[in-house]
Amino acid sequence: MDVYDGRDGESKGVWDLEKQEKVFLPLEKGGKLSSDLNHYVIIDNESESILWDLEEDSVSLSVENPDWLFSKEEDRYIVFSDKSKTFIRDLEAGKEISLPVKIKGRSQIFFSKDHKYVVTLTDGVNGGYQIWDLATEQEISLPEEFDLGGRPVFAEDSDYIATSNDSLSQLWQVGKNKSISLPIKEVNELTYSPDKRYMAIHGSEESILWDLERNKEVENFNHGRTYFVGFSPNGKYFIAHGEKSVNLWPLDEEKMVEDICERLTRNLTVQEWRQQVGEEEDYRKTCDELPYPDDHEPSKKNVLTPLKDFFSRYL
């Protein structure tokens, strides 16, 4: 099928390329036709908007005087609104839901990647945004501090959602009471490691490796314009490739300890140990192959704290 504009007095319409003939459409004079769908066309007449099924050659949806009617998410959804509600027709699932809010246009509605949630922009709290469960049509409560003022970014399974504005980026696990402030100006995408222990949070010029179990930042990479951010297929490395650098970070703790100890030339001094760990803990070696520091007492050289245990307890 091909949509064409009328010329020389001929009206707009749809041309069946296979049959080489014009398809009849209930398009009134002055009506508008959009062609951004695979098997449907949207007809905007003076008094109603029509979703026309090209395969069935019939009306799939008719709405009187809608404020908006458009397609989203690779034509899976038809979204339209009236004075008080927003309606979503799921063409793949064959169902329609209604939300008790009025959106402001195509750019003010966002669907999660797994089609579990939809975010709408209206007048109100939380920067005017609300998040809805598409299965139950119920609004999900957001933490008070979670600001959806920027474009929402969902993880693949929608368990996490991030947002950014001019001064703040935040990460929220859906259903939890609190969100987390992120040390990054902009969030463009969220990617899990294969075991879902870590998350790559990446923006236009920097990326964060985030530990989901400990709920804390592991490392921040400022690499300029991003070319690739993600994980190796075996889940052992985090990779951040930008115009300034290529960063490879081991995720396996034993491998990380091995790599760190190979790069270090000494263990912590006793003074550094007291500053980082505290005086209540006796000094212990962290890398077995490295010598004790000069300020360590020889009588305590038989004690060893593996670097792996040191990281898990004190960092």
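Two strands count as paired if DSSP finds at least two bridges between them. With that in hand, here are some close-ups of this predicted model.

**View 1. A four-stranded open sheet.** Strands E20, E21, E22 and E23 line up in that order, and their pairing is antiparallel. The edges belong to E20 (189-192) and E23 (216-222), each of which pairs on one side only. From one strand to the next, the twist averages 20 degrees.

**View 2. Zooming in on E22 and E23.** Strand E22 covers residues 206-211 and runs antiparallel to E23, with six bridges between them. Look for Leu 209 here: the residue opposite, over in E23, is Glu 219.

**View 3. The one disulfide.** The structure has one disulfide, and the partners are Cys 261 and Cys 287, with their sulfur atoms 2.1 Å apart. The torsion about the S-S bond comes out at about -80 degrees, so this disulfide is left-handed. Cys 261 sits in helix H1 (residues 253-263), while Cys 287 is in the loop between helix H2 (270-276) and helix H3 (307-314), so the bond ties together parts that are 26 residues apart in sequence. Both cysteines are buried.

View 4. The ring centres of Tyr 77 and Phe 111 are 4.0 Å apart and the planes meet at 5 degrees, so the two count as stacked. Tyr 77 comes from strand E9 (residues 77-81) and Phe 111 from strand E12 (residues 109-111), so the pair ties together parts 34 residues apart in sequence. Tyr 77 is buried, at 2% relative accessible area, and so is Phe 111, at 7%.

**View 5. Another stacked pair, Phe 80 and Phe 87.** Here the rings are 5.1 Å centre to centre, with 15 degrees between the planes. Phe 80 has a relative accessible area of 6%, which makes it buried. Phe 87 is at 17%, and buried means under 20%, so Phe 87 counts as buried too.

**View 6. An aromatic cluster.** Ring pairs join Phe 221, Phe 231, Phe 238 and Trp 249 into a cluster.

**View 7. The start of the chain, and a word on confidence.** Across residues 1-10, pLDDT stays under 50. The model has 25 contacts beyond four places in sequence for this stretch. For the protein chain, the mean pLDDT is 78, and 83% of the residues reach 70 or more.

Notes: Residues are numbered from 1 along each chain as its sequence is written. This is a predicted model: local features need pLDDT of at least 70, side-chain atom pairs count only at pLDDT 80 or more; totals for chains, interfaces and linings use all residues. Side-chain values use heavy atoms; hydrogens and water are left out. Helices (H or I, at least four residues) and strands (E, at least two) are DSSP runs, numbered from the N terminus. Axes are lines fitted to C-alpha atoms, for helices over the stretch in contact, and angles run from 0 to 180 degrees between N-to-C directions. pLDDT is the predictor's confidence in each residue, from 0 to 100. Contact means heavy atoms within 4.5 Å. A disulfide is a pair of cysteine sulfur atoms within 2.5 Å. Buried means under 20% relative accessible area, exposed over 50%, partly exposed in between (1.4 Å probe, protein chains only). Rings of Phe, Tyr and Trp (its six-membered ring) pair if their centres lie within 6.5 Å; planes under 30 degrees apart count as stacked, over 60 as edge-to-face and the rest as tilted.
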